[in-house]
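Have the structure open as you read.

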Amino acid sequence: MKNIFIMGVFAMSLLVSCNSQKKNGDHTHDGSEPHSHDNETITNVNDYFGAYDLEDESYGTKTKVTLTDTERVMVTNALPNHKTGEFPNPGNPNAIAAQNRTYNFPLHPKYTGNATWAREPGVALNGIKFEPGTAEVVECETGESFRVEGLQDVIDLGLDFNHAHVQPTGAYHYHGTPTSVINDFDNGEDLIHIGFAHDGFPMYYLKSGKYKPSYKALDGDREGENCSYENPHQSMDISVGGHHDGTFTSDFEYVEGSGDLDECNGITIEGQYMYLVTNEFPYIGRCLMGEVSQKEGRAAGIGQGRGGQGQGGRPGGGRPSFDEIIEMMDGNNDNKISKSEAKGPLNENFDKNKDGFLTKEEFENSENGHGNRPLKNN
């Protein structure tokens, strides 16, 4: 049974009033299987601005949020509190496993207006991280490289109906609109509170979709010949010719004023800045507009400069850095990569100095650091 215990409420007025309610009786969400919320306390969206425990015995979910004078602290095992697709699956060889994560969000976020790229921009209320980009790259013999989007139809990355899949560490994460989260936290209002960004600003889903992103598909056709995609499990030739259809991150460009949302998919409504998760690209913003602590900045893979992205899907393109590899593969949080933690091609050229761990120098001097992709299904 799912039990959500609300331990405190931070007074905040944002479009809706605070209350809680019981939902009873069988019903469906958008054509899903009939189910009941009997014995489940569903609280108003604003309740999640306070301290709460979210535990679900059937899924093993344990997420606890407490407040200090300056921070919102989330301790979670990062197990989803809802149904998922089958993992492993043909496009994603990884099984969901519990994590040990602590997130510290600023309780009083500070808007800067300077877009800063973030690999992991935020976390859902249930403790599952948002990570819209991927580490998958199509490379061409003519020199072009294209970062593959999670939501596309050319390469099967094994995403489920929540637009999510699993990293080699077992971390389940969302690449797009988290369908089950939206359903579970829907209290009848147009704005559904679904998470927090690492700069402390809230993340919402807007059911009406009346506010649109400001990203547009590029005109013209892509260039690149003899292009291919490979991972430890498959290799395939890819044709990149044709128009920019959204298969790759570089198919889009930010056009200020072309939509309602800013570069990071954010907007100010009634004096409150927030991020929207949308059904259109970028789905989840790839950058943050607020101040982020050094600790959370590193954990979220936050880089410097504007949020604009090159062909690789991050500022200037390129592969994951060593710090990003640590974040994704370091299962025991010791800031090292052991032989058992190294995945894919990284495992094949591991530990040149035979000390049992991969060092930053070994990574940067290896072909994996400069050519081959060291991890897949990001």
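## Lys212 and Glu280

In this predicted model, Lys212 and Glu280 form a salt bridge, with 3.3 Å between their closest N and O atoms. Lys212 sits in the loop between strand E18 (202-206) and strand E19 (215-217), while Glu280 belongs to the loop between strand E24 (272-277) and strand E25 (287-290), so this pair ties together parts that are 68 residues apart in sequence.

How do the two partners stand in terms of accessibility? Lys212 has a relative accessibility of 37% and counts as partly exposed. Glu280 counts as partly exposed too, at 32%.

Next comes Arg222, whose side chain meets that of Asp245 in a salt bridge with an N to O distance of 2.6 Å. Arg222 is in the loop between E19 and strand E20 (227-231), and Asp245 is in the loop between strand E21 (234-238) and strand E22 (252-254), so the contact ties together parts 23 residues apart in sequence. Is each partner buried or exposed? Arg222 counts as buried because its relative accessibility is 9%, under the 20% cut-off. Asp245, by contrast, is partly exposed, with a relative accessible area of 46%.

Arg222 also meets the side chain of Asp251 in a salt bridge, here at 2.8 Å from N to O. This pair links distant parts of the chain, 29 residues apart: Asp251 lies in the loop between E21 and E22, and Arg222 in the loop between E19 and E20. In this case, both Asp251 and Arg222 are buried.

As background, side chains of opposite charge can pair when their charged atoms come close. How many salt bridges are there by the rule used here? The count comes to nine.

Some residues join up in a network of salt bridges: Arg119, Glu120, Lys129 and Glu131 are linked in this way. If you are browsing the model, those four residues are a handy group to select together.

Finally, here is a contact of another kind. His165 is placed in strand E15, which covers residues 164-166. The His165 side chain reaches the backbone oxygen of Leu157 at 2.7 Å, within the 3.5 Å limit for a polar contact.

Why does His165 count as buried? The reason is its relative accessibility of 0%, and buried means under 20%.

How values were computed. Residues numbered from 1 in each chain as written. Predicted model: local features only at pLDDT ≥ 70, side-chain atom pairs only at ≥ 80, totals over all residues. Heavy atoms only, no water. Helix = DSSP H or I, 4+ residues; strand = E, 2+ residues; numbered from the N terminus. Buried < 20%, exposed > 50% of the residue type's maximum accessible area, 1.4 Å probe, protein only. Polar contact = N/O pair within 3.5 Å; in protein donor to acceptor, adjacent residues only side chain to side chain.
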